[in-house]
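Dear colleague,

Please find below the structure I am handing over to you. My notes on it follow directly after.

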Amino acid sequence: GRMKYEELYQRKVTSVEEALKLIKSHQEVVCSMIACEPAAMLSQLHTIKNQVEDVSVVTALLMYEYEFFMNPEMQGHFLMNNWFYTGGARKAHPSGTVSYVPLELHRCIASRTAYRKPDVFLGCACPMDKHGFLSLSLDTVYEKDLVEMANTVIIEVNPNFPRTYGDTNIHISQIDYIVEGDNKPLIQ
C-alpha cells in the first residue's frame, strides 16, 4: 500500500551530487527534454568533469545553457549529442563540446538505440501518487521508452510539474534514484 511506496521512494532519494557520481566514463546519458529537462542535474553535471571522460549526453531542445557544454574546458569529458540545436548549442558548437545528430522525431528511439543502449536516463516527473506512480508530465516523446531501456534511471521530482494522464506514468519500482530537484518553475 501507500506506506510501502513511500518507504521505497524514500530509499531512492539521493542528492544531485550522489546521483551524478553514478555517471561513468564512456557512458551514454540520455535526458528528457524541453520544459522537463532535468535542470538540477544538468546544471551540476560539469562538477564531475575530473572523474569522467568521453560521456555522451543526448539531448534535444535544451532551454538553458549549461556549463557542461558551454565551457570549452569540458571538451573530452562531455559531448552533447544534440538533435535539435537551440541557441546555446549553436554558440558552443565551435568549442567541440556539442555535436549535431540528424534525427527524425518519430524514429528517435529506434535511431538512438539501434547502435547503443542508454546507460543512464536523466528525467523529470511530478510527485508520486498514492499508488506509487509518478507522471512524466509534459515530456512524453521518448521518455517512457528510455525509462524502460536505460540501465540506470534517475528522476528529478518537481512539484511544479503538472500530472498528465495516459501513457505517461512510471512506477516507483522502475526508478533507481530520485533527486528532489530545485523546483524550478515551468519554462514559459
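Serine 32 is buried, with a relative accessible area of 1%; buried means under 20% relative accessible area, exposed over 50%, and partly exposed in between (1.4 Å probe, protein chains only). Please note that this is a predicted model, in which local features need pLDDT of at least 70 and side-chain atom pairs count only at pLDDT 80 or more, while totals for chains, interfaces and linings use all residues. Residues are numbered from 1 along each chain as its sequence is written, and side-chain values use heavy atoms, with hydrogens and water left out.

Serine 32 is placed in the loop between β2 (28-31) and α3 (39-42); helices (H or I, at least four residues) and strands (E, at least two) are DSSP runs, numbered from the N terminus. A polar atom of the serine 32 side chain lies 2.7 Å from the backbone oxygen of cysteine 36. Leaving aside residues up to four places away in sequence, serine 32 touches Glu37, Pro38, Phe121, Leu122, Gly123, Cys124, Asp139, Tyr142 and Glu143, where contact means heavy atoms within 4.5 Å.

I then turned to the aromatic rings. Rings of Phe, Tyr and Trp (its six-membered ring) pair if their centres lie within 6.5 Å; planes under 30 degrees apart count as stacked, over 60 as edge-to-face and the rest as tilted. The count by this rule is five aromatic pairs. In one of them, the ring centres of phenylalanine 68 and phenylalanine 69 are 5.1 Å apart and the planes stand at 80°, so this pair is edge-to-face. Phenylalanine 68 and phenylalanine 69 are both buried. Tyrosine 85 and tyrosine 100 also form an edge-to-face pair, at 5.5 Å centre to centre and 85° between the planes. Because tyrosine 85 lies in the loop between β4 (78-82) and α5 (87-92) and tyrosine 100 in strand β5 (residues 98-100), the pair ties together parts that are 15 residues apart in sequence. Tyrosine 85 counts as buried at 16% relative accessibility, whereas tyrosine 100 is partly exposed, with a relative accessible area of 45%. Ring pairs also link Tyr64, Tyr66, Phe68, Phe69 and Phe78 into a cluster.

Finally, some totals for the protein. Its secondary structure comprises seven helices and 10 strands, and 52% of its 188 residues count as buried. Of the contacts between residues at least 6 apart in sequence, 71% join residues at least 24 apart. The protein exposes about 8,900 Å², of which carbon and sulfur atoms supply 51%; accessible areas come from the Shrake-Rupley method with a 1.4 Å probe, and for residues only the protein chains shown count as cover.

Kind regards

Note on methods. A polar contact is a pair of N or O atoms within 3.5 Å; within protein, one must be able to donate a hydrogen and the other to accept it, and residues adjacent in sequence count only if both atoms are side-chain atoms.
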